[in-house]
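I opened the notebook on this chain to look up a few local features and then some totals. My entries follow in the order in which I looked.

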Amino acid sequence: MDKLTIRDADVAGKRVFVRVDFNVPLADGRVTDDSRVRAAIPTINALLAGGASVILASHLGRPNGKVQDGLRLRPVGQVLSQLMRRNIPVTGDALGIGTEDAVKRLRPGEVLMLENLRFHAEEEANDPAFAAALASYADVYVNDAFGTAHRAHASTVGVPKLLPAYAGLLMEREIEMLSKLLEDPERPFAAILGGAKVSDKIGVIDHLLSLVDMLVLGGGMANTFLLAQGKAIGKSLAEPDRVEDARRILATAAKNDVRVVLPVDVIVAKEVTRGTEYKTLQAEKIPASWHIVDLGKASQDLMVDALSDARTVFWNGPLGVFEIPSFAHGTKAVARMLAERADAGATVIVGGGDSVAAVTQQGLADRMTHISTGGGASLEFLEGRELPGVTVLLDRPVEAKKASAKSISKPKAPAKPKAPAAASPKAPASVKQPPKAPAAAKPATTSKAASAAKAPAAAKPKAKARS
């Protein structure tokens, strides 16, 4: 990776501001999925082992610049305290005299969490004064929140412009795993895209068509492609204004010899609710009053068979109305198949809330090669766009890049067994002294994502996908 990480930082005796992504689901004031919290622990532990005191900062939900008791971070602090077996207090606000006093009292080896950053509208506005106030708490900045790296907010861009800024271990792993998809994926390489809207993914589809051997489409976005093929979809979710984009994508796929797999049969329902009437129909002419809500059994079998020899798979988005159990079968079937592919040595990367939930709910997360914590960020990265929260981090010196290139210019080793999804590489207890960084680090003009985008897909001839 071309950015300095905490492995390069001297944090002994310093206060470190760590932007984490603790935007976790809550129900009745309790955290229902702690995977993002667990994913940040290796970076926190490495900094503590290096002699730092740690100030954690995150957003939660969309409070729109107003305090909302239901979006306070205290439940997250309680979960983190339990997982780390230490008391981690949460401040009453991200700013204020009380918070400043708590920061001043912080000693090496201690952790403090700031209250929800988005209780202040200045966070999303990247307000310079708000960023300066946050930066005043610390000597060093670390971004371990890949899920927010595509947002130019005060805590992701403003603060790292004022402090020496490094990538955390989770950020490092995210960038390295996603870069492999862009630079040298083992083939056949398949992308599975689902979710509600094709408009959210047109950019990434366009870019992936120059990289992949197969594109599997499901969920609401697949309905727009069915429309593009002249099929009736009833009252199903679709974007008629994107039909021409869908036709263009299908034409480009054919030109690039990319196999596109669409549903051939579907589950349709009277209403998109629990307990409604539903049945299986061919994906040809859906009655006007019915909704497509899931893949049919033939579609599941088609997709599982098509992906049976894939050596690299990226999956983002559910393939049906996943939040209703009766309509989650297609998504879950693909999740099980991907776990089997990973067990067979394929590289399987899963990103996006519901697709990650499908994997986690079935106890399959540890079998995947990598579970990405960034939905929108991972898509923008794969689209080849710069992520502001990555670009602003300190660049690795040219000499170090050359040394790193020499160290990795070896014949490829056999595929390694996959690591658990949340297991980020551990940093050594003592970390190196970094190159001297100015107090206000100038944003880099290039990023890993940008350079990855320029890597030609045809660096190696594509393997012919199964037909």
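**Entry 1, a sheet.** I looked up an open sheet of 3 strands, whose order is S13-S12-S15 and whose pairing is antiparallel; strands here are DSSP runs of E of at least two residues, helices are runs of H or I of at least four residues, and both are numbered from the N terminus. I took two strands as paired if DSSP finds at least two bridges between them. Strands S13 (278-282) and S15 (291-295) each have a single partner strand and stand at the edges, so one side of each has no neighbour in the sheet. On average, neighbouring strands of this sheet are turned by 40 degrees against each other, direction ignored (axes are lines fitted to C-alpha atoms, for helices over the stretch in contact, and angles run from 0 to 180 degrees between N-to-C directions).

I note that the model is predicted, that local features need pLDDT of at least 70 and side-chain atom pairs count only at pLDDT 80 or more, while totals for chains, interfaces and linings use all residues. Residues are numbered from 1 along each chain as its sequence is written, and side-chain values use heavy atoms, with hydrogens and water left out.

**Entry 2, pairing and packing.** Strand S12 (residues 265-269) pairs with S15 in the antiparallel sense over 4 bridges, and I found Leu295 in S15 as the bridge partner of Val266. Helix H11 (residues 297-306) packs on the sheet, where H11 touches S12 and S15, and its direction makes about 45 degrees with that of S15; contact means heavy atoms within 4.5 Å.

Which residues of H10 are buried? I list Val243, Asp245, Ala246, Ile249 and Ala253, with buried meaning under 20% relative accessible area, exposed over 50% and partly exposed in between (1.4 Å probe, protein chains only). Seen down the axis of H10, these buried residues fall within an arc of 155 degrees, so they line one face of the helix; the arc is that of the directions from the helix axis to the C-beta atoms. The face turned away from the buried side carries the exposed residues Glu244, Ala254 and Lys255. Helix H8 (202-208), helix H9 (219-228) and strand S11 (259-261) are included in what covers the buried residues of H10. After H10 comes Asp257, whose phi is positive, near 60 degrees.

I recorded 17 helices and 18 strands for the protein, and of its 467 residues 54% count as buried.
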